[in-house]
Amino acid sequence: MLVPPNLIYKTPPLVFLTGIYIVGIAAQYTQNHYIMLPLILCVTISAFISYADSSWSFKKIIPAIILCIGIYSCGGFLLQRQINQFQRFHTQINQRKIDITGTVSDIQYVNRQMVITIKNIATKQQNDSVNKWTSHQEKIQIYTNNKEDICVSDTIEVHDIYIKNAPNSSFSQYLIKEGIGTTLFIPKLQYTLKNTDRQSWQCLIHQKKESLYNSLRQKFSPHCFTMFSAIFLGKSNTDKKQHSTSIKAAFSIWGIMHYLARSGLHLVILVYLWLLLLNTIPISCNYKYLTLIIVNCIYCLLSWSSIPFYRALATVILYKINSLLRLQNNFLHLLAFICLCILLYNPIQLLFLDFQLSFGLTFALAYFSLIKTELLKKPLQTIASH
């Protein structure tokens, strides 16, 4: 298949800018600036010449080069800042006995253990004569055998914590990606409840999510619930490992293991079903789009999300918002915008396979669709010219 020569004109400029930002992150991680930066300059000049008309000049290209160098540098700077923040946190607390206070942001049960995630934390070294607390942006994740009466949005103080270094660099990168300062395993958790608000919206959403999960688990058969939970709720059924193992083995034989991971395919199925239902109601399209956006947001709040799901959800919501505002939709532009927003917030996501596969495959499919569309236009244009 030949690539149409005018394909570059169909590619939104934001795709090139996102690519430059990604190269900046990769160059900072691999420390190959002396190779990547000249490559970016050559690509920038080539893209500018391709986009510009015959009257282009070097005066016009200088702002484009400055913009691209700035975006390239921004990628490396944000990645290094994220890594430095994690290392600074460990420098302050490693190999010390400390007390931690913070707000509970999530509670899960994994392999019959309670996993408590604490955000907005502050630490205090026990040997300090002055009651001095140091604030940190990282979160702390605690695995414990206790079944504590703690709810999301509660403020607790955990006593006698000893924090060690991360065992390897791969695990450190995972912690940085999740925004977690460290993971602790405390069989018997000692804490003090400082403040509780069981009527907060975070607590109510968490309770509703867990209630829905437990209710569905009782109504479905074990095999059915394991598949339903993985595909539509985004959470593996860890209490029934034998069912999960047998299902994965059956799916792996057919080479469709990736269908068990919730992604855009499953969200598209749900959106299609919701649209079929909304089309039976005699209301305007604007109300249908608005209803679909609200339903998707509620579904996101009541399930466990991942990068592929966030990508698909953001794409659907932006599509419907553009439809509400009567704006033109361009899938490549929206995909590049979502990718850039995620990497601006969390640059180290680029190093992980789920992000690379989710956005890489989606970009590839979008480009193949664009190439196919352009190739189909050629015979029509030939017929029209004759």
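Accessible areas here come from the Shrake-Rupley method with a 1.4 Å probe, and for residues only the protein chains shown count as cover. On that basis the accessible surface of the chain comes to about 22100 Å², of which 63% belongs to carbon and sulfur atoms. The structure is a predicted model, in which local features need pLDDT of at least 70 and side-chain atom pairs count only at pLDDT 80 or more, whereas totals for chains, interfaces and linings use all residues. Residues are numbered from 1 along each chain as its sequence is written, and side-chain values use heavy atoms, with hydrogens and water left out.

The secondary structure of the chain comes to 13 helices and seven strands, where helices (H or I, at least four residues) and strands (E, at least two) are DSSP runs numbered from the N terminus. Of the 386 residues of the chain, 40% count as buried; buried means under 20% relative accessible area, exposed means over 50%, and partly exposed lies in between, with a 1.4 Å probe and protein chains only. If contact is taken as heavy atoms within 4.5 Å, then among contacts between residues at least 6 apart in sequence, 71% join residues at least 24 apart.

Leu273, whose place is in helix 9, counts as partly exposed at 46% relative accessibility.

Helix 10 can be read in a similar way. Its 17 residues should span 24 Å at 1.5 Å a residue, and its end C-alpha atoms are 25 Å apart, which agrees. In helix 10, the residues Lys288, Leu292, Ile293, Asn296, Tyr299 and Cys300 are buried. They cover an arc of only 135 degrees around the axis, which puts them on the same side of helix 10. The buried residues of helix 10 pack against helix 7, helix 9 and helix 11.

In helix 13 (residues 353-385) one finds Thr362, which is buried with a relative accessible area of 12%. Not counting residues up to four places away in sequence, Thr362 touches Arg311, Phe331, Leu335 and Leu357.

Gly181 has a relative accessible area of 0% and is buried, and, leaving out residues up to four places away in sequence, Gly181 touches Phe86, Phe89, His90, Glu138, Lys139 and Leu175. The C-alpha atoms of Gly181 and His136, which are 45 residues apart along the chain, are separated by 9.0 Å. His90 lies in helix 4 (residues 58-93) and is buried, with a relative accessible area of 8%. Aside from neighbours within four places in sequence, His90 is in contact with Lys164, Asn165, Gly181 and Thr182.

Charged pairs come last. Side chains of opposite charge can pair when their charged atoms come close. The structure holds two salt bridges, a salt bridge being a side-chain nitrogen of Lys or Arg within 4 Å of a carboxyl oxygen of Asp or Glu. Glu157 forms a salt bridge with Lys194, with the closest N and O atoms 3.2 Å apart. Glu157 lies in strand 5 (residues 155-162) and Lys194 in strand 7 (residues 191-195), so the pair ties together parts that are 37 residues apart in sequence. Glu157 counts as buried at 10% relative accessibility. Glu178 forms a salt bridge with Lys177, with the closest N and O atoms 3.3 Å apart; Glu178 counts as partly exposed at 31% relative accessibility, whereas Lys177 is buried, with a relative accessible area of 11%.

Definitions and conventions: Expected span 1.5 Å × (residues − 1). Arc of directions from axis to C-beta.
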